[in-house]
Amino acid sequence: MATHARPGPLPGPSSAGRRVPELDPGLVGEWRDGGGELIDLFAQARQRLGGVAAFRLGPRPTVLVTGAPAVQHVLALRPDRYVKRSHRARLLIGDGVLAATGEAWQRQRKLLQSQFTGPGMRRYEQRIAGAARTTAARWAAYARSGEVLDVGEEMRRFALDTIWRSLTGYPLDPATERELAAVPTVVAALPQLPSDGAAARQAVSAELAGIDAVAARVIAAARAGEVGPDGPGLLHVLLDAAGTRPEYTDRLIRDELVTLLVAGHETTATTLTWLYLLLDRNPRAREWALAAGAEGSPERRQAVQALVSETLRFYPSAWILPRCAARDDVLAGYEIEAGTDVIVCPYLTHRDPGLWEDPGRFDPGRFTAPGRRPAHPGSYLPFGIGPRACLGLQFALRESTALLEQLLPAYVPRFRSLPARAVYGLTVRPDGPTPAVLAGGEAVAP
């Protein structure tokens with residue numbers, strides 16, 4: 001690799017603290033010319049400059065944050081100084097809670113938070129279990145017939161069924177499933193859409209119209225008093241709020257519904273797909289989880305959840321968390337000027353050998369044995385940390401564990417081919433299909 005003269009430090013405000021070290025622009029140019037993924041540039045910046053580093057993709061510097069104390073500072077200790085400006089998925093989710101800011105976000109989050117903690121979560125347990133049983137029955141049929149299935153599509157069907165039951169009280173029917181296939185299509189397209197808002201919307205107009213039609217239909221049905229076999233769902237909570245809160249217009253209800261659809265199935269489906277791909281390379285991890293305890297025991301559940309947690313370490317649901325400095329600050333001893341773009345990257349924090357022992361090894365035991373994982377709260381953040389951490393953390397872990405408790409003892413997917421690489425978009429997803437046939441899985445005695 002060619003050598004380049006290092007630039008001077010970034011300009012910054014006169015205050016205590018050093019200037020953020022900046023990656024050589026020649027190296028950024030080489031990355032551009034090489035056509036690499038953005039994560040390659042991030043990894044180079046972290047490796048060369050440490051847990052707080054800067055680089056330029058335009059006239060202004062961007063600061064990359066991967067060190068655990070700095071991560072905690074940005075997301076948890078000073079969230080008022082490092083704010084969200086615009087969510088990449090706003091085209092799809094509108095003013096839903098993921099994209100909302102300020103007082104609007106506080107009101108929306110407060111309404112939804114009660115649904116995803118404590119007693120709120122318990123009302124969705126049977127819906128999660130129902131979706132897991134449906135998937136298990138489908139896998140039993142695949143195993144009997146020897147039919148090839150796509151593991152990624154199966155995980156998406158399960159996660160979509162789960163959130164649909166939770167939203168509407170109805171199990172996912174085939175027609176709605178086909179209509180909602182537009183959701184992952186738009187999510188995958190978002191990073192490549194034109195920067196102009198009107199042009200971007202035009203590029204996916206047919207998909208957005210289909211999603212809007214589904215939302216309008218179920219909102220109208222719920223407003224007319226229709227209740228699914230599982231009872232009222234999250235959609236009914238939103239409609240009830242509209243009775244006393246004028247901000248919950250039909251448009252905001254649509255935006256929250258679509259936000260919950262996207263956040264409630266896309267990330268879970270991707271995590272479960274990665275888990276099965278990791279188990280294919282690390283079959284002893286499955287045996288370890290099944291040997292942890294008898295079926296239904298707390299020990300086995302803890303081990304299965306550790307499989308999920310370790311998968312999320314490799315492939316966090318939010319692999320980057322963009323923020324903007326609302327005012328001057330000192331971060332880990334470095335000056336941050338107001339207006340600076342700041343990117344927290346959990347993907348790299350989770351792979352930091354200074355935090356994690358042998359980070360390249362898939363080792364779920366680090367989440368069950370005391371002292372095996374870093375104690376610092378900024379070390380592990382697959383759903384973010386601080387006030388804007390993902391609302392659905394417990395929901396996602398519960399649904400993933402419920403499905404795996406059914407499938408892991410009975411079936412082992414034998415992949416016909418494997419994705420060649422990961423794609424770093426709104427989520428980190430496998431690039432390509434995951435075809436497999438199901439072999440019988442013999443449960444390991446505890």
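Trainee: Which residues lie nearest the centre of the second largest pocket?

Mentor: R156, E266, R429, P430 and G432 lie nearest the centre, out of 22 residues that line this pocket. A pocket here is an open set of points on a 1 Å grid where a 1.4 Å probe fits, with protein on both sides within 12 Å along at least five of seven lines, and lining residues have an atom within 4 Å of a point. Please note that this is a predicted model, in which local features need pLDDT of at least 70, side-chain atom pairs count only at pLDDT 80 or more, and totals for chains, interfaces and linings use all residues. Residues are numbered from 1 along each chain as its sequence is written, and side-chain values use heavy atoms, without hydrogens and water.

Trainee: Which elements supply at least two residues of that lining?

Mentor: They are α8, α10 (182–189), α14 (250–281) and β12 (428–430). Helices (H or I, at least four residues) and strands (E, at least two) are DSSP runs. The largest share of the lining comes from α14, with four residues.

Trainee: And what is the lining like by class?

Mentor: It has nine nonpolar, eight polar and five charged residues; Gly counts as polar.

Trainee: Let us stay with α8. At what angle does it pack with α18?

Mentor: Helix α8 (residues 151–168) packs with helix α18 (residues 393–407) at about 125°, and their axes are 11 Å apart. The two helices are therefore oblique to each other; angles under 35 degrees count as roughly parallel, over 145 as roughly antiparallel, 65 to 115 as roughly perpendicular and the rest as oblique.

Trainee: Which residues make the contact?

Mentor: From α8 they are M155, F158, A159, T162, I163 and S166, and from α18 they are F395, E399, L403 and L407; contact means heavy atoms within 4.5 Å. Seven of these residues are nonpolar, two are polar and one is charged.

Trainee: Changing topic: how do α12 and α13 cross?

Mentor: Helix α12 (residues 205–223) and helix α13 (residues 234–242) cross at roughly 70°, with axes that come within 10 Å. That makes α12 roughly perpendicular to α13. In α12, V218, I219, A222 and R223 meet L235, H236 and L239 of α13. The contact divides into five nonpolar residues, one polar and one charged.

Trainee: What about α15 and α16: how are they set relative to each other?

Mentor: The axes of α15 (residues 283–291) and α16 (residues 298–314) come within 7 Å and cross at roughly 155°, and the helices are therefore roughly antiparallel to each other.

Trainee: Which residues meet there?

Mentor: A285, W288, A289 and L290 of α15 meet R300, A303, V304, A306 and L307 of α16. Eight of the contact residues are nonpolar, none is polar and one is charged.

Definitions and conventions. Axes are lines fitted to C-alpha atoms, for helices over the stretch in contact, and angles run from 0 to 180 degrees between N-to-C directions.
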